[in-house]
Amino acid sequence: MEILVSDGYRSADMAAIPVRELAEHVLAAEDAPASCEVSVSFVDDAEMTELNGRFRGKEGPTDVLSFECDSLCDELSAAAPGEAPYELGDVIIAPDVAERQAAEYGQTLAQEIELLVVHGLLHLCGYDHMADDEAAIMEAREDALLRSWRERSAR
């Protein structure tokens, strides 16, 4: 797996969080093939506001956006061993929004960023939360992945 992490915004804060390793953990748990490529980028509120408006028609910044390139479901059903890498997609995170949410929910910035990384990657893997039943499935998967990640990290 190739995980590109672009931490140009708030790089000191983001560098302290093992984003690449967490992404590998999530993608492995979701049975993504080794040829999978994904990027995780951190942007300021102004850039996230622009992206949120352009792609979702919503005002203001959001915490995380995911942009799927190649579908994991399609790749898993059609991939032959040794095929060229494919781009699963991009996850864009706004650390300033994450920091405000962390304070609101009583957790650290790192914990909120971890949640947003998992959330964004699950969207790329085909999960959604538009309907209540889908949301319950996605939230349960987020919880399980974060729990296994934190247990692994504690060792």
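## Confidence of the model

The structure is a predicted model. The chain has a mean pLDDT of 91, and 90% of its residues reach 70 or more. Over residues 75-79, however, the pLDDT is below 50. In the model, this stretch makes six contacts beyond near neighbours in sequence. Where pLDDT is low, the predicted coordinates should not be read in detail.

## Nonpolar cores

The largest nonpolar core contains 32 residues, of which L27, I93, I113 and L121 touch the most other members. At least two residues of this core are supplied by each of α2 (19-29), β2 (36-42), β4 (86-93), α6 (109-124) and α7 (132-154). Helix α6 provides the largest share, namely eight residues.

With residues up to four places away in sequence left aside, L27 touches M1, I3, A32, C36, V38, L88, L121 and C125.

## Setting of F55

Helix α3, which spans residues 45-56, contains F55.

F55 and Y9 are 46 residues apart along the chain. The C-alpha atoms of F55 and Y9 are separated by 21 Å.

Note on methods: Residues are numbered from 1 along each chain as its sequence is written. This is a predicted model: local features need pLDDT of at least 70, side-chain atom pairs count only at pLDDT 80 or more; totals for chains, interfaces and linings use all residues. Side-chain values use heavy atoms; hydrogens and water are left out. A nonpolar core is a set of buried Ala, Val, Leu, Ile, Met, Phe, Trp, Tyr and Cys residues joined through side-chain atoms within 4.5 Å. Buried means under 20% relative accessible area, exposed over 50%, partly exposed in between (1.4 Å probe, protein chains only). Helices (H or I, at least four residues) and strands (E, at least two) are DSSP runs, numbered from the N terminus. Contact means heavy atoms within 4.5 Å. pLDDT is the predictor's confidence in each residue, from 0 to 100.
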